[in-house]
Amino acid sequence: MTKPPRKSSKPLLREADAPVRSAPRRQRDPAQPNLPLDPMPPRIEPCLALLKAKPPRGDDWVYEIKWDGYRLAVHVESTGIRILTRGGHDWTDRFPAIKQAALWLPVGTAILDGEAVVLDKQGRPDFGLLQQSLGGRGGKESSSDAIFMAFDLLYFDGHDLRKSELDVRRHLLEDLVPAGEHGDIRLSEQIEADGDQLLASACEHRLEGIIAKRRDAPYRSGRLGDWLKIKCVQSDSFVIVGYERSTVARAGIGRLLLAARKGKELVYVGGVGTGFNERSASELRTQMDKLIIGKPAVDTGRKRNAVFVDPKLVAEIEYRAWTHDGKLRHASYKGLREAQDHAAVYEIE
């Protein structure tokens with residue numbers, strides 16, 4: 001018999017209310033005894049989720065919604081706030097609302113792990129809207145629309161929490177970022193449920209999928225299997241190696257030509273001709289026309305009206321399956337990945 005969710009994910013799907021601000025950061029009580037403090041790490045390599053086809057079974061797993069945005073670490077330090085990308089780039093100035101919310105957290109020092117997202121009118125994360133708010137790939141704009149969904153706490157008031165179990169870290173995080181608030185830093189709520197049932201519900205609400213986390217695991221950097229991701233629809237990053245011209249499509253792009261990694265080489269995996277709007281197509285054309293090369297970087301087969309580009313742009317592509325000859329099926333373009341995001345290009349085994 002399936003176990004119903006203990007916490008509902010419904011608040012994630014409704015329209016956001018007016019932002020709620022927390023109290024100013026708490027100052028240390030001088031009467032409190034001095035405890036041994038751990039040095040604050042300047043940067044922590046993130047724990048990454050391993051892709052699986054089905055949710056794991058057992059009471060030692062808990063679940064969260066999978067957020068579709070940019071992975072960030074928010075550092076609350078004695079000297080101020082730093083917001084770092086997955087690759088370690090400082091994007092503090094690009095998220096002013098998140099920075100301000102971090103200043104008001106009731107804590108002296110902390111490192112929060114989470115995802116910057118922009119929600120659509122139904123309360124779902126939309127990667128395209130996030131990119132637009134930042135001025136597109138390579139843009140230098142700041143986003144006041146992005147919010148930070150916090151899902152882990154790695155350092156707290158002078159103590160390194162990475163060796164603590166997830167349950168302990170979450171308990172402290174929920175005290176710091178209470179559930180149900182609608183400010184610019186929010187809690188990614190943990191859901192105890194039957195994994196298959198929760199995945200079905202996430203897919204029904206057109207979310208990207210769910211994350212499963214082992215509740216007794218410490219925080220370990222890398223993709224080691226303590227966290228798993230289960231997707232409703234496959235979505236991965238692929239290198240753009242060219243495009244086919246069109247006289248009727250937006251910005252003259254009929255189809256993007258894509259490649260994945262296989263060892264140290266790139267392999268052609270087909271194309272994508274849907275998912276563009278006027279803005280994204282125009283941005284793509286501008287970026288690609290700066291990278292035109294005479295000879296294709298990979299063998300794409302015979303293509304009519306093809307323009308080949310230096311494989312430096314990485315696109316996030318949603319797709320349903322693979323064909324028998326290794327090409328993407330029912331692919332749709334979602335957006336360009338930022339170079340600083342260090343998105344992992346799909347690897348063919």
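Predicted model: local features only at pLDDT ≥ 70, side-chain atom pairs only at ≥ 80, totals over all residues.
Between the C-alpha atoms of Asp-299 and Ala-259 the distance in space is 9.7 Å, while 40 residues separate the two in sequence.

With regard to the chain as a whole, the protein comprises 5 helices and 19 strands, and 50% of its 349 residues count as buried. Among the contacts in the protein with a separation of 6 or more, 71% are accounted for by residues 24 or more positions apart.

The largest nonpolar core contains 31 residues, of which Phe-95, Ile-98, Leu-112 and Ile-185 touch the most other members. Two or more residues of this core come from each of strand 3, strand 4 (80-85), helix 1 (96-103), strand 5 (110-117), helix 2, strand 6 (147-156), helix 3 (166-176) and strand 8 (185-187). Once residues up to four places away in sequence are set aside, Ile-98 touches Val-74, Ile-83, Ala-116, Ala-146, Ile-147, Phe-148, Asp-184 and Ile-185.

The side chain of Arg-170 reaches the backbone oxygen of Phe-151 at 3.5 Å. Beyond its neighbours within four places in sequence, Arg-170 is in contact with Glu-64, Ala-150, Phe-151, Leu-187, Ser-188, Glu-189 and Gln-190. Phe-156, for its part, is found in strand 6 and is likewise buried, with a relative accessible area of 17%. Phe-156 and Arg-169 are 13 residues apart along the chain, and their C-alpha atoms are separated by 9.3 Å.

Turning to the pockets, the largest has a volume of about 1,200 Å³ and a lining of 49 residues, with Arg-86, Arg-223, Lys-229, Asp-236 and Ala-344 lying nearest its centre. The elements that supply two or more residues to this lining are strand 1 (50-51), strand 2 (61-65), strand 3 (70-77), strand 9 (209-214), strand 10 (227-231), strand 11 (234-245) and strand 16 (314-319). Strand 11 gives the most to the lining of the largest pocket, with 5 residues. By residue class, the lining of the largest pocket divides into 22 nonpolar, 21 charged and 6 polar residues.

The second largest pocket holds about 800 Å³ of space and is lined by 29 residues, among which Asp-68, Asp-126, Phe-127, Glu-318 and Lys-334 lie nearest its centre. At least two residues of this lining are supplied by each of helix 2 (127-133), helix 5 (278-289) and strand 19 (332-336). The lining of the second largest pocket comprises 11 charged, 9 polar and 9 nonpolar residues.

Most residues other than glycine have a negative phi. Arg-206, although not a glycine, has a positive phi of about 60°; Arg-206 is located in the loop between helix 4 (195-204) and strand 9, and with a relative accessible area of 66% it is exposed. His-330, which is not a glycine either, has a positive phi of about 55°. The position of His-330 is in the loop between strand 18 (328-329) and strand 19, and His-330 counts as exposed because its relative accessibility is 58%, over the 50% required.

Note on methods. Residues numbered from 1 in each chain as written. Heavy atoms only, no water. 1 Å grid on protein atoms, 1.4 Å probe; cavity = no way out; pocket = protein on both sides within 12 Å on 5 of 7 lines; lining within 4 Å. Points joined across faces, edges and corners; volume = space filled by probe spheres on them. Helix = DSSP H or I, 4+ residues; strand = E, 2+ residues; numbered from the N terminus. Nonpolar A, V, L, I, M, F, W, Y, C, P; charged D, E, K, R; others polar. Core = buried A, V, L, I, M, F, W, Y, C linked by side-chain atoms within 4.5 Å. Buried < 20%, exposed > 50% of the residue type's maximum accessible area, 1.4 Å probe, protein only. Contact = heavy atoms within 4.5 Å. Polar contact = N/O pair within 3.5 Å; in protein donor to acceptor, adjacent residues only side chain to side chain.
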